[in-house]
Amino acid sequence: MKDRVWSNILVSALLLAGAQLAGAAEPIKIGSFLAVTGPASFLGDPELKTLQMYVEDINARGGVKGRKLELLHYDTGGNAKDAVSFSKRLIKNDNVDIIIGGTTTGDTMAVIPDVEKEGIPFISLAGAVEIVEPVKKWVFKTPHTDRMAVAKIYEDLRKRGLTKVALITGDGGFDKSGRQQLLDLAPQYGIAIVADESYGNKDTDMTAQLTKIRPSGAQAIVNFGLGQAPAIVTKNMKQLGIDLPLYQSHGVASKTFIDLAGEAAEGVRLPAAVLVVAEQLPGADPQKPILLDYKKRFEAKYGPVSTFGGHAYDGLMIAVAAIERAGGPDKAKVRDEIEKTRGFIGTAGVFNMSPTDHMGLSLDAFKMVEIRGGAWKIVE
Amino acid sequence: MPEQLLQFLATGVTVGSIYALVGLGFALIYNASDVVNFAQGEFVMLGAMTTVALLNAGLPLALAGVVATLLTALVGLLLERFAIEPAAGASVVSTIIITIGAAIFLRGVVLLLWGKGFHALPPFTGDAPIQFWGATLLPQSLWVLGITALLVVLVRAFFNHTLLGKALLACSFNRNAAQLVGINVRVMLRLAYALSAALGALAGILVAPITFTSYEAGVMLGLKGFSAAIVGGIGNPMGAVAGGLLLGVLESLGAGLISSGYKDAIAFLFVLMVLFFEPTGLFGHKTAERV
């Protein structure tokens with residue numbers, strides 16, 4: 001008896017929903033799979049919030065080409081296996097028109113075979129250069145690559161005349177990929193790696209590794225890592241009294257790092273997307289109004305902004321612009337239009353995509369920043 | 001090189017004392033009920049996270065720490081009352097699985113309440129490093145070491161010299177016999193959970209200035225603390241401390257002298273060796289089942 005009541009309710013609810021759907025134009029479906037929980041949650045969380053905020057905003061302003069956007073999202077927890085099954089579900093069951101997601105490089109790389117086979121535009125929000133190199137027909141990405149971050153760090157080292165560098169990196173995917181780039185690019189910039197230490201991302205103390213680095217003759221230390229570990233490295237260096245310039249990666253370009261490392265963070269340099277130093281940009285910079293607007297909106301709703309949510313903003317806006325130019329969500333046309341994105345001003349920089357470049361950012365999209373007085377300062 | 005070696009040792013002692021302190025918490029519940037409480041790491045995290053929250057709400061550090069410890073003790077008590085007690089007749093393994101569930105639950109609640117961010121507590125007495133013969137140690141590490149030592153003495157005295165402590169031990173040896181001599185086993189178990197939760201919270205507050213904290217911080221600390229406890233012989237507070245220090249020093253020497261990539265492997269290999277040759281731990285009691 002009880003079952004009957006429930007099935008009646010369900011059926012009438014479905015009928016009602018069907019009637020409503022028939023009344024309005026079909027929404028454009030944006031699929032997303034992000035690592036909202038798990039170790040990469042500090043990336044995935046602001047990404048999802050950004051997508052939700054702007055999809056709502058675009059719908060409030062009438063949608064795209066008179067059609068509403070519908071965001072379908074799954075949380076991978078940073079697990080590549082889940083990413084694969086969720087992307088399959090998005091493509092086959094949910095019939096989405098485009099996918100924006102893939103918080104981590106692992107998640108992204110795992111779904112690329114399916115995306116390529118099914119032929120659906122996919123804008124990844126992950127960092128590693130291997131996502132777009134070699135170019136894959138349906139795959140794009142919006143964040144800077146780790147290779148760009150490394151190049152920026154080495155450029156700055158060269159300017160300061162420092163050639164002997166010690167590496168200390170974590171054991172995550174981001175860390176390992178970054179370490180590889182650090183090793184690969186070093187000869188090009190005339191840099192000698194004199195020490196190469198690693199730690200576990202959940203370790204609580206790195207003084208042993210740093211003690212080993214000290215007698216290596218390094219002139220600077222580069223730490224590629226995420227989460228709390230880089231803050232511990234920074235504090236441990238101060239504790240040991242190692243007075244060398246410390247470079248961090250763009251992975252810690254958030255206020256949390258400064259809060260955790262406290263005074264020890266003073267003088268730390270890192271390549272960061274301009275979002276963290278938006279206020280310091282000259283007034284004529286075309287990116288400035290976009291950055292400030294995103295920052296204001298995000299902070300009004302969710303608290304301190306991070307560069308990672310900005311990547312989702314860039315991805316969504318590039319997708320929406322491409323759908324508009326394509327006149328609708330036709331997959332092949334949208335793909336072509338994404339590839340034709342030129343002069344698009346996003347939070348990460350100015351995007352100029354091409355058939356050979358599916359990211360479209362140049363090295364100057366990164367700014368070398370230094371932490372001074374507990375805040376980011378652009379290094380000229 | 002001698003300075004380096006000294007620094008590795010100092011690092012090892014710092015890390016080891018953290019493991020020791022967490023390992024200590026496992027002893028209490030184990031002593032009362034033969035159960036390994038896998039939510040112990042979550043008590044550690046809960047203590048630190050609650051202190052952070054109270055600190056942000058404007059309470060002074062000392063008061064925030066005390067309130068957080070009491071609140072965590074209350075959580076321990078509730079956990080026993082509403083998750084462990086209803087399964088009173090269940091086997092030890094079932095109870096252990098319940099504690100794993102409780103750990104996941106607590107992590108989830110903290111995640112919903114306070115988010116995913118990392119937080120730091122200010123060190124109790126500044127963070128100017130203490131120099132000695134070329135090596136350095138943070139003042140907070142001395143706090144951890146000192147309070148660990150104090151707690152070991154207190155826990156030992158509690159079990160050996162108080163009626164309450166002896167009653168707790170009696171519950172673990174033989175629950176029915178304990179009941180027959182008039183010990184209220186239920187109350188004893190609640191007490192054990194509340195006490196070990198408080199102990200865990202205290203550990204969390206002490207180590208948070210060094211290790212930072214987040215909703216997931218309890219996982220790693222719990223695992224390492226548990227390793228410390230079994231190396232030393234679970235149920236033996238002194239053993240947990242010795243095990244923790246040994247584990248920390250091994251990790252740090254492994255990272256410094258051999259390879260930082262293999263430091264956890266080296267430490268866990270040691271744990272396996274200990275369990276292989278001394279299944280009851282280095283300082284564990286030899287148990288004999290009477291048939």
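F212(B) sits in the loop that runs between α8 and α9 (217–232) of chain B. Helices here are DSSP runs of H or I with at least four residues, strands are runs of E with at least two, and both are numbered from the N terminus. F212(B) has a positive phi of about 65° although it is not a glycine. The residue is buried, with 25 other C-beta atoms within 10 Å. A residue counts as buried if 20 or more other C-beta atoms lie within 10 Å of its own, as exposed if 12 or fewer do, and as partly exposed in between, with C-beta atoms placed from the backbone.

The model is predicted: local features need pLDDT of at least 70, side-chain atom pairs count only at pLDDT 80 or more, and totals for chains, interfaces and linings use all residues. Residues are numbered from 1 along each chain as its sequence is written, while chains are lettered from A and ligands numbered from 1 in the order in which they are written.

The confidence of the model can be given chain by chain. pLDDT is the predictor's confidence in each residue, from 0 to 100. Chain A averages a pLDDT of 88, and 94% of the residues score at least 70. For chain B the mean pLDDT is 86, and 97% of its residues reach 70 or more. The model scores ipTM 0.77 and pTM 0.79.

The two chains touch each other through 24 residues from chain B and 24 residues from chain A. On the side of chain B that touches chain A, α1 (2–33), α8 (185–211) and α10 (237–258) of chain B each supply at least two residues. α1(B) gives the most to that side, with seven residues. By class, this side of chain B divides into 11 nonpolar, 11 polar and two charged residues. In this scheme Ala, Val, Leu, Ile, Met, Phe, Trp, Tyr, Cys and Pro count as nonpolar, Asp, Glu, Lys and Arg as charged, and the others, Gly among them, as polar.

Within chain B, helix α10 also packs against another helix. The axes of α5 (residues 139–161) of chain B and α10(B) come within 9 Å and cross at roughly 155°. Axes are lines fitted to C-alpha atoms, for helices over the stretch in contact, and angles run from 0 to 180 degrees between N-to-C directions. α5(B) and α10(B) are therefore roughly antiparallel to each other. Angles over 145 degrees count as roughly antiparallel, under 35 as roughly parallel, 65 to 115 as roughly perpendicular and the rest as oblique. T148(B), V152(B), V155(B) and R156(B) in α5(B) meet P237(B), M238(B) and V241(B) in α10(B). This contact has five nonpolar, one polar and one charged residues.

Elsewhere in chain B, I183(B) is found in the loop between α7 (175–180) and α8 of chain B. I183(B) counts as partly exposed, with 19 C-beta neighbours inside 10 Å. Not counting residues up to four places away in sequence, I183(B) touches A167(B), A170(B), C171(B), A178(B) and M188(B).

Chain A is divided into domain 1 (27–145 + 290–363) and domain 2 (147–278 + 366–378), with bounds that come from an automatic or database domain assignment. The C-alpha centres of these two domains of chain A lie 28 Å apart. Their contact takes 20 residues from domain 1 of chain A and 20 residues from domain 2 of chain A. On the domain 1 side, α4 (105–118), α10 (288–302) and α11 (307–326) of chain A each supply at least two residues. The largest share of that side, three residues, comes from α10(A).

Y247(A) is placed in strand β9 (residues 246–248) of chain A and is buried, with 26 other C-beta atoms within 10 Å. Y247(A) and I221(A) are 26 residues apart along the chain, and their C-alpha atoms are separated by 6.2 Å. N95(A) has a positive phi of about 50° although it is not a glycine. N95(A) lies in the loop between α3 (80–92) and β3 (98–101) of chain A and counts as exposed, with 11 C-beta neighbours inside 10 Å. A cis peptide bond joins E133(A) and P134(A), with omega about 5°.

Methods: Contact = placed C-beta atoms within 7 Å.
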